[in-house]
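Trainee: I have a model open on my screen and I'd like to learn how to read it. Could you walk me through it?

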Amino acid sequence: MRSTFEKAIECYDYALQVSPNALHVKLNKAIALNSKSDFSGAKNLLDQIIELDPTNKEALNARALSEFKLGLDNEGIQDSKKAIENEY
């Protein structure tokens, strides 16, 4: 039986086929990937989002989580700081 996250990822993949540049869909897919412990896959998507929208605090926070889980602590700290800076 597939998990809810796997089903969601399938839906996001379909949406990205229709609209490949939809940042909010990429963000939701990345969050689902983080939730199923695919931190590398999530980080790759989040890198794409942040390249296009460097002040996206949700993407920065999600990428920080991926980075911490991948052992990239310095990068995670930097993204967390950027997210906080973009809060204000």
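This is a predicted model: local features need pLDDT of at least 70, side-chain atom pairs count only at pLDDT 80 or more; totals for chains, interfaces and linings use all residues.

Trainee: Fine. What describes two packed helices?

Mentor: Two things: the angle between their axes and the distance between those axes. Take α1, residues 4-18, and α2 here: their axes are 9 Å apart, at an angle of about 155°. An angle over 145 degrees counts as roughly antiparallel, so α1 is roughly antiparallel to α2.

Trainee: What is the handedness of the crossing of α1 and α2?

Mentor: That crossing is left-handed.

Trainee: And which residues in α1 and α2 meet?

Mentor: From α1 you have Phe-5, Ile-9, Tyr-12, Asp-13, Ala-15 and Leu-16. On the α2 side they meet Val-25, Lys-26, Asn-28, Lys-29, Ala-32, Leu-33 and Ser-35. Sort the residues of this contact by class and you get eight nonpolar, two polar and three charged.

Trainee: Let me try the next pair. At what angle do α3 and α4 cross?

Mentor: Roughly 145°, and the axes come within 9 Å. This crossing is left-handed. α3 brings Phe-39, Ala-42, Lys-43, Leu-46, Asp-47, Ile-49 and Ile-50 to the contact, while α4 brings Ala-59, Leu-60, Ala-62, Arg-63, Ser-66, Glu-67 and Lys-69. The class count for α3 with α4 is eight nonpolar, one polar and five charged.

Trainee: Then there's α4 with α5. How far apart are their axes?

Mentor: The axes of α4 (residues 57-69) and α5 (residues 73-85) are 8 Å apart, and the packing angle is about 160°. These two helices are therefore roughly antiparallel to each other. α4 passes α5 in a left-handed crossing.

Trainee: What classes do the residues of the contact of α4 with α5 divide into?

Mentor: Five are nonpolar, three polar and seven charged. Among the α4 residues in this contact are Lys-57, Arg-63 and Glu-67, and the α5 residues include Asp-73, Glu-75, Asp-79 and Lys-82. Leu-60, Ala-64 and Phe-68 of α4 take part too, as do Ile-77 and Ala-83 of α5.

Trainee: Can we zoom in on one of them? What is Leu-33 in contact with?

Mentor: Leave out its neighbours within four places in sequence, and Leu-33 has Ile-9, Asp-38, Gly-41, Ala-42 and Leu-45 as contacts.

Trainee: How about Ser-66: buried or exposed?

Mentor: The idea is to look at relative accessible area, where under 20% means buried. Ser-66 sits in helix α4, and it counts as buried because its relative accessibility is 0%. Apart from residues up to four places away in sequence, Ser-66 touches Asn-34, Phe-39, Ala-42, Lys-43 and Leu-46.

Trainee: Last one: the backbone angle. What phi do most residues other than glycine have?

Mentor: A negative one. Now look at Ser-37, where phi is near 70°, a positive value in a residue other than glycine.

Trainee: Where is the place of Ser-37?

Mentor: In the loop between α2 (23-35) and α3 (39-52).

How values were computed. Residues are numbered from 1 along each chain as its sequence is written. Side-chain values use heavy atoms; hydrogens and water are left out. Axes are lines fitted to C-alpha atoms, for helices over the stretch in contact, and angles run from 0 to 180 degrees between N-to-C directions. Helices (H or I, at least four residues) and strands (E, at least two) are DSSP runs, numbered from the N terminus. Angles under 35 degrees count as roughly parallel, over 145 as roughly antiparallel, 65 to 115 as roughly perpendicular and the rest as oblique. A crossing is left-handed if the near helix is turned anticlockwise from the far one by less than a right angle, and right-handed if clockwise. Contact means heavy atoms within 4.5 Å. Ala, Val, Leu, Ile, Met, Phe, Trp, Tyr, Cys and Pro count as nonpolar, Asp, Glu, Lys and Arg as charged, and the others, Gly among them, as polar. Buried means under 20% relative accessible area, exposed over 50%, partly exposed in between (1.4 Å probe, protein chains only).
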